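Please keep the sequence and the coordinates at hand while reading.

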Amino acid sequence: GVTQGLTADFTYNTDFAQVEVDEQQVNLTRFSLFFPEKREFFLEGQGIFDFGGGRGFSGGGPGGPRVGGAGGGASNTPILFFSRRIGLDDGLPVPIDAGGRLTGKVGAYSIGLLDIRTGSDGTTAARPTNFGVVRVKRDILRRSSIGGLATHRSVAVSGDGSNQLYGVDATFAFYENLNLNTYVARTETPGRDGDDTSYRGQFDYNGDRYGLRLERLVVDEDFNPEVGFLRRTDFQRNFASGRFSPRPGGIDSVRKLTWEGSFDYVTNGAGRVETRIATGAFGAELENSDRFQIETSHNYEFIADPFDIATDVVIPVAGYTFTDTRASYTFGAQRPVSGTFSTSHGGFFGGTKTGVGFSRGRIGLSPQLSVEPSVEINRVDVPSGRFTTALVTSRATFTLNPRAFLSALLQYNSRAASLSTNIRLRWEYQPGSELFVVLNEQRETLARRPPELENRSIVVKLTRLFRF
């Protein structure tokens, strides 16, 4: 504790052995997948680094299209500081040598300073790199703020030299449901001296009965936040959505009805339409907390470069127009079995796609034991081939006592032909001090025999809190 409002953290030769593995995803788009931050050191104080009205420090996962969607959605908004850029290189871990962080508040100011140095590793081409982040935000009015963000990467991913980002943002909250979010940012990267700016303006009214959102987002061709996450480059996005949600007094079983429509329009830097999505949805929230929704979207996608959507299945260059429909039913969290059942069917890049799934499931078997299953199956038939993807995830948690629990995460991914297991025992043997025992196992499922073991690791980690 530096002051009553500021906290300093330091780390050396950092180890994250106790962190739960990533939940696998199926990618049926031409864009990169997003995996949220799970390392506790980077999750603490994450809200201070939020930028432009969106997520910043850990990037808990931008919103976006469901799995198998074509590519529009709010996930196109850049995350200008994404902590998973630190300690990873092309998905492989890079050692963190040392670092420090200062976060907290001083009067009306929120302050976040971060400096981390990563080392080299024999399995990657990563060079020792220093990551620096400065975030300052000032509270104004009742619930509004203005601020700035700067990031620095001493070794740029593209080109020789370093990479920097500078941005200013403002968030205004009026009355109870009206918000205005905006930012302007630019980057500096060796060899990329063209248009390197991004800006966003968003109007959001989210009342109980009515909702309206308008957004304008621009990302230039050479905008390159190498300490951030950028799903899409060189585009301009205009988005509008409206919602009407009455609470009918004459239907005892219905709490709220919702009609919603949206239009998403994305062009590239040359003005060519790349994505156009018109969506209409109807939903109902019942008095028992169950929810039902059905939505239909009319899509247009222009594919400028062919991409592999599966083994030996390529989506060629062309413009594609198609319509798909999705229905879902969510059981209330108070039920012994809760979760969302969903099904979808429609066109998909010149063919069809049918999907079924069960997500955010929870089954309470006893006060100590709960299971969270998830299943997702997609059947895709396009001119260049057909295939089926299956992703099955099951998380189980057994509480031994208030200070100890055993959790297991089992995942099967047909696209990766893998079966993985992550089992963790966490015991807080005294306040702030913990023992972790972690078993990780990966098996390959292609061979016609019991899944073959690819790798296995057992880790024991002990932490001890000293107060002085």
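Strands in this report are DSSP runs of E with at least two residues, helices are runs of H or I with at least four, and both are numbered from the N terminus. In that sense Leu-425 belongs to strand β24, which covers residues 418-430. The structure is a predicted model, and the values below are to be read accordingly.

## Leu-425 and its surroundings

Leu-425 has a relative accessible area of 26% and is therefore classed as partly exposed. Once neighbours within four places in sequence are set aside, Leu-425 is in contact with Leu-400, Phe-405, Leu-406, Leu-435, Phe-436 and Val-437. Thr-397 stands 28 residues from Leu-425 along the chain, and the C-alpha atoms of the two are separated by 10.0 Å.

## Paired strands

| Strand pair | Sense | Bridges |
|---|---|---|
| β7 (residues 144-153) and β8 (residues 163-174) | antiparallel | nine bridges |
| β8 and β9 | antiparallel | 11 bridges |
| β18 (residues 318-331) and β19 (residues 337-348) | antiparallel | eight bridges |
| β19 and β20 (residues 351-364) | antiparallel | 11 bridges |

In the group that contains β8, Ser-145 has Thr-171 of β8 as its bridge partner, while Leu-165 stands opposite Thr-187 in β9. The hairpin formed by β8 and β9 has three residues between the strands, and Tyr-175 in its turn has a positive phi of about 55°.

In the group that contains β19, Tyr-329 stands opposite Phe-341 in β19, and the bridge partner of Thr-340 is Ser-359 in β20.

Arg-360 is found in strand β20, and its phi is near 50°, which is a positive value in a residue other than glycine. Because its relative accessible area is 63%, Arg-360 counts as exposed.

## The nonpolar cores

Which residues have the most contacts inside the largest nonpolar core? This core has 24 residues, and those with the most contacts inside it are Leu-80, Phe-81, Ile-86, Leu-114, Ile-116 and Phe-223. At least two residues of this core come from each of α1 (40-43), β5, β6, β9 (178-188) and β11 (210-219). Apart from this core lies another, of 16 residues, among them Leu-28, Phe-307, Ala-310 and Tyr-320.

The contacts of Ile-86, with neighbours up to four places away in sequence left out, are Arg-39, Phe-42, Phe-81, Ile-96, Leu-114, Ile-116, Thr-118 and Phe-131. One of these partners, Ile-96, lies in strand β4, residues 96-106.

Is Ile-96 buried or exposed? With a relative accessibility of 5%, Ile-96 counts as buried, because the class requires a value under 20%. Beyond four places in sequence, the residues that Ile-96 touches include Asn-13, Thr-14, Phe-16, Arg-39, Phe-42, Ile-86 and Ile-116. Asn-130 is 34 residues from Ile-96 in sequence, and the C-alpha atoms of the two are 10.0 Å apart in space.

Asn-13, which is touched by Ile-96, is placed in the loop between β1 (6-12) and α1. Its relative accessibility is 57%, so Asn-13 counts as exposed. The phi of Asn-13 is near 50°, a positive value in a residue other than glycine.

## A nonpolar patch at the surface

On the surface, Val-106, Tyr-109, Leu-113, Val-134 and Val-136 form a nonpolar patch, and together they have about 370 Å² of accessible area.

Val-134 is one of the patch residues and is found in strand β6. Its relative accessibility of 40% is why Val-134 counts as partly exposed.

Methods: Residues are numbered from 1 along each chain as its sequence is written. This is a predicted model: local features need pLDDT of at least 70, side-chain atom pairs count only at pLDDT 80 or more; totals for chains, interfaces and linings use all residues. Side-chain values use heavy atoms; hydrogens and water are left out. Patches are made of residues with over 30% relative accessible area and no salt bridge: like charges are joined within 9 Å, nonpolar side chains (Val, Leu, Ile, Met, Phe, Trp, Tyr) within 5 Å. Accessible areas come from the Shrake-Rupley method with a 1.4 Å probe; for residues, only the protein chains shown count as cover. A salt bridge is a side-chain nitrogen of Lys or Arg within 4 Å of a carboxyl oxygen of Asp or Glu. Buried means under 20% relative accessible area, exposed over 50%, partly exposed in between (1.4 Å probe, protein chains only). Two strands pair if DSSP finds at least two bridges between them. A nonpolar core is a set of buried Ala, Val, Leu, Ile, Met, Phe, Trp, Tyr and Cys residues joined through side-chain atoms within 4.5 Å. Contact means heavy atoms within 4.5 Å.
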